[in-house]
Amino acid sequence: MLAGAAQAASLAWPFPFGLAPGAPVWWLQLLSLGLLAWQLEGCRAGHQWRRAACLGWLFALTWLAGTFWWLFISMHTYGGLPAVLAALAVAALAGALALYYAAACAAFVALAPASVAWSATVFASTWLLAELARGVWFTGFPWGAGGYAQVDALAIFANTVGVYGVGWIAAWLACLGASWQREPLVRRRWSLVWIVIPAALLIGLARHGWSRPAGQLGVTLLQGDIPQEEKFEPGTGIATALQWYGEQLQEAHTALVVAPETAIPLLPQQLPAGYWAGLRQRFAQPGPSGPQAALIGIPLGNASEGYTNSAVGLAPGQATPYRYDKHHLVPFGEFIPPMFRWFTNLMNIPLGDFNRGALGQPPFDVDGQRLAPNICYEDLFGEELGARFADAATAPTIFVNLSNIGWFGNTVAIDQHLEISRMRALEFERPMIRA
């Protein structure tokens, strides 16, 4: 459990001492995972796969609960769920996801051969399967995957193998280091071959440039600093948002201005008379320094057709505004899983059942750049962002993330989300701008 807590801390250092708060700690991620691998090595002699499963579950339970504990804030502080139920909900989610890693550890003990190098390969591969299962099944929630702690180290390989491949390399090195001490010296030397040759190949690939420069773009990113508990309240947060974002959008002078997720917290038809038409008119004509565009987070839809969590793009020469509808919705916040409506009824969250946008939506063309919006934690799913590269002619040159992290207070969620966006930028070799 101490090792699991260290794994959580490695993703974004949570303490105001020792290291930079919020920074990823790559060596702590390797050390903590290596400690688990060392414990599992002790289970292999007696084929104690049940004990290995318990160790893996405890490690993952502590790691995951320590990673996304801030869900408690959104459910209790802003959702009104009693503190005990909110804490149990976080623990239940972490415990359920930890089952993947329990299975991975049991499989490792049951399948791993005697050779240290092959043993490390089996450990890394079973661990990878657990990470993939967590990231895909039941809509997926891969927040805090081990590879994100390596954004300043092993992520040099991200453009070749992605975050899951980076996690595989980290798990392989952790297990290799944990079991190396029991190898005879001769075999240790041979083990070095297993490190040097693959590392040389990966470094060669990583140094290869898969992309090329695509010009420059002046950008203004807006952040309204409106308290989350006021954001959807008439007379306070809503009035402040409409006034402040309206002024900032009108006064922007860069080629692109981006406002966050639900920056405009009302449907267009609910806005004051002339407000939305005024914004469209503002960006219908070029500004003093040339054409300007805006990308604004706003909910869209109506009661008969349903609602979407969307981003609207305004630019000169449009017949209709650009529209992006969020594809990967948040369970309980934006859609209600079957048999869980009773749970969402306990909370007072002003979202609900949204319609799901298409997977590969077209980009927003601005000043020669193709912008690919994603909303909230959609940048966590690199395989879904990758679908936008199917057609080279419309492939993104810039990713744009619109989020409302105010749901989680002033916590490490902000820093963790930054590392996620940094990893996507490294994987795709594209800038990721965030409002």
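**View 1. Pro 316 sits in the loop between β4 (306-314) and β5 (322-325).** Helices and strands here are DSSP runs (H or I of at least four residues for helices, E of at least two for strands), numbered from the N terminus. This is a predicted model, where local features need pLDDT of at least 70, side-chain atom pairs count only at pLDDT 80 or more, and totals for chains, interfaces and linings use all residues. Residues are numbered from 1 along each chain as its sequence is written, and side-chain values use heavy atoms, with hydrogens and water left out.

Is Pro 316 buried, partly exposed or exposed? With a relative accessible area of 29%, Pro 316 is partly exposed (buried means under 20%, exposed over 50%, partly exposed in between, using a 1.4 Å probe and protein chains only). Leaving aside residues up to four places away in sequence, Pro 316 touches Phe 283, Ala 284, Gln 285, Pro 286, Pro 291 and Gln 292; a contact means heavy atoms within 4.5 Å. Arg 280 is 36 residues away along the chain, yet its C-alpha atom and that of Pro 316 are separated by 9.1 Å.

**View 2. Helix α1 (residues 2-11) is mostly covered.** Of its 10 residues, 8 are buried. Look for Ala 3, Gly 4, Ala 6, Gln 7, Ala 8, Ala 9, Ser 10 and Leu 11. What covers them? The cover includes α2 (26-44), α3 (49-67) and α13 (413-428).

**View 3. Helix α4 (residues 71-78) packs against helix α5 (residues 83-111).** Two packed helices are described by the angle between their axes and the distance between the axes. Here the axes come within 9 Å and cross at roughly 155° (axes are lines fitted to C-alpha atoms, for helices over the stretch in contact, and angles run from 0 to 180 degrees between N-to-C directions). So α4 and α5 are roughly antiparallel to each other, a label for angles over 145 degrees. Their crossing is right-handed, meaning that the near helix is turned clockwise from the far one by less than a right angle.

Which residues meet here? On the α4 side they are Leu 71, Phe 72, Met 75 and His 76, and on the α5 side Ala 83, Ala 86, Ala 87, Ala 89, Val 90 and Leu 93. Sorted by class, that makes 9 nonpolar, 1 polar and no charged (Ala, Val, Leu, Ile, Met, Phe, Trp, Tyr, Cys and Pro count as nonpolar, Asp, Glu, Lys and Arg as charged, and the others, Gly among them, as polar).

**View 4. Helix α6 (residues 116-136) packs with helix α7 (residues 158-179).** The angle is about 145°, and the axes are 8 Å apart. This crossing is right-handed too. The contact of α6 with α7 has 14 nonpolar, 5 polar and 1 charged residues.

In the loop between α6 and α7 you'll find Thr 139. Its phi is positive, about 75°, although Thr 139 is not a glycine. Most residues other than glycine have a negative phi. At 31% relative accessibility, Thr 139 counts as partly exposed.

**View 5. Asp 225 lies in the loop between β1 (219-221) and α9 (237-251).** Here's another positive phi in a residue other than glycine, with a value near 55°. Is Asp 225 buried or exposed? At 63% relative accessibility, Asp 225 counts as exposed.

Methods: Angles under 35 degrees count as roughly parallel, over 145 as roughly antiparallel, 65 to 115 as roughly perpendicular and the rest as oblique.
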